[in-house]
Amino acid sequence: MAARLFTLIQCETKLCSLVGNKYNTKLSAYGFQVPISQRFFQQHLSHTDIVPVRTMKIYTKTGDKGTSSLYTGERRVKFDIRFEALGTIDELSSSIGVALAFAEEKNHTFVNELVKVQCILQDIGSFIATPSSSARESHQNNLHFDHDNTTELERAIDKMTEELPPLKNFILPSGGKTSSSLHFCRAVCRRAERQLAQLRQSEDMDSSVYQYINRLSDYLFTVARYACMKEGQHEHIYRKV
């Protein structure tokens with residue numbers, strides 16, 4: 001979020017304090033809605049601080065030859081492991097969006113947890129897109145992953161597990177639309193975990209990011225079972241055929 005604000009508005013120092021807070025008024029720039037408080041705007045910003053910009057086009061044509069750019073500006077082929085991992089993180093967030101739609105229909109209590117997971121996955125994408133081999137100090141300064149994110153997942157897992165029936169058999173992805181879609185998210189998350197493990201073998205990767213993805217798959221398995229139970233659905237048990 002901070003990096004995007006710096007790109008869009010020519011008042012970097014003043015806008016640093018905005019990140020992570022809640023505001024009422026919105027300033028539209030480059031097609032994005034940037035939150036700005038009315039009071040902060042009046043005290044610290046003027047209209048001359050805002051750089052007039054054009055609306056950003058969806059297509060750039062820069063990837064037509066099979067390469068794409070990382071956050072650092074480094075270009076790599078699109079099948080590079082970093083882009084594979086980025087694509088899977090995007091797929092995971094999109095899959096969670098589908099599960100979220102089903103969960104909202106059932107008024108599940110974990111809806112906000114899923115939204116937060118999607119936001120954290122955006123941050124993880126920033127980490128993946130910033131290899132240390134080509135990152136400048138300004139890039140590195142915008143990266144920070146809070147280990148408390150992983151701890152929150154563990155607490156949520158423990159809380160749901162207390163309500164769930166003991167797991168005595170292998171269960172199949174099932175249990176209604178919400179549960180089944182969350183199981184699908186779990187499978188995508190496992191693929192992301194494997195790709196990040198591969199990335200760690202060849203390049204630097206923050207261990208706390210990898211730990212989060214590892215724990216996230218456990219969370220998605222647990223919340224899938226939890227949704228099944230809350231909706232009064234039935235888990236299909238594996239039986240040898």
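A: Buried here means under 20% relative accessible area and exposed means over 50%, with partly exposed in between. Please keep in mind that this is a predicted model.

Q: OK, so is Thr151 buried, exposed or partly exposed, and why?
A: Thr151 counts as partly exposed because its relative accessible area is 24%. The residue sits in helix H7.

Q: And how far is Thr151 from Arg215 in sequence and in space?
A: The two are 64 residues apart in sequence, while their C-alpha atoms lie 9.0 Å apart in space.

Q: Let's go inside. Which residues touch the most other members of the largest nonpolar core?
A: That core has 42 residues, and the ones touching the most other members are Ile124, Ile213, Leu216 and Tyr219. Two or more residues come from each of helix H4 (81-105), helix H5 (111-128), helix H7 (148-163), helix H8 (177-202) and H9, and H9 supplies the largest share, with 11 residues.

Q: What does Leu216 touch?
A: Leaving aside residues up to four places away in sequence, Leu216 is in contact with Leu92, Val117, Leu121, Leu153 and Cys189.

Q: Switching to the outside, which residues form a nonpolar patch on the surface?
A: Phe170, Leu172 and Tyr238 form such a patch, and together they have about 350 Å² of accessible area.

Q: Where is Tyr238, then? And how exposed is Tyr238?
A: Tyr238 lies in the segment after helix H9 (207-230), and with a relative accessible area of 44% it is therefore classed as partly exposed.

Conventions. Residues numbered from 1 in each chain as written. Predicted model: local features only at pLDDT ≥ 70, side-chain atom pairs only at ≥ 80, totals over all residues. Heavy atoms only, no water. Patch = residues over 30% accessible without salt bridge, like charges linked within 9 Å, V, L, I, M, F, W, Y side chains within 5 Å. Areas by Shrake-Rupley, 256 points an atom, 1.4 Å probe, with all protein chains shown as cover. Salt bridge = Lys/Arg side-chain N within 4 Å of Asp/Glu carboxyl O. Helix = DSSP H or I, 4+ residues; strand = E, 2+ residues; numbered from the N terminus. Buried < 20%, exposed > 50% of the residue type's maximum accessible area, 1.4 Å probe, protein only. Core = buried A, V, L, I, M, F, W, Y, C linked by side-chain atoms within 4.5 Å. Contact = heavy atoms within 4.5 Å.
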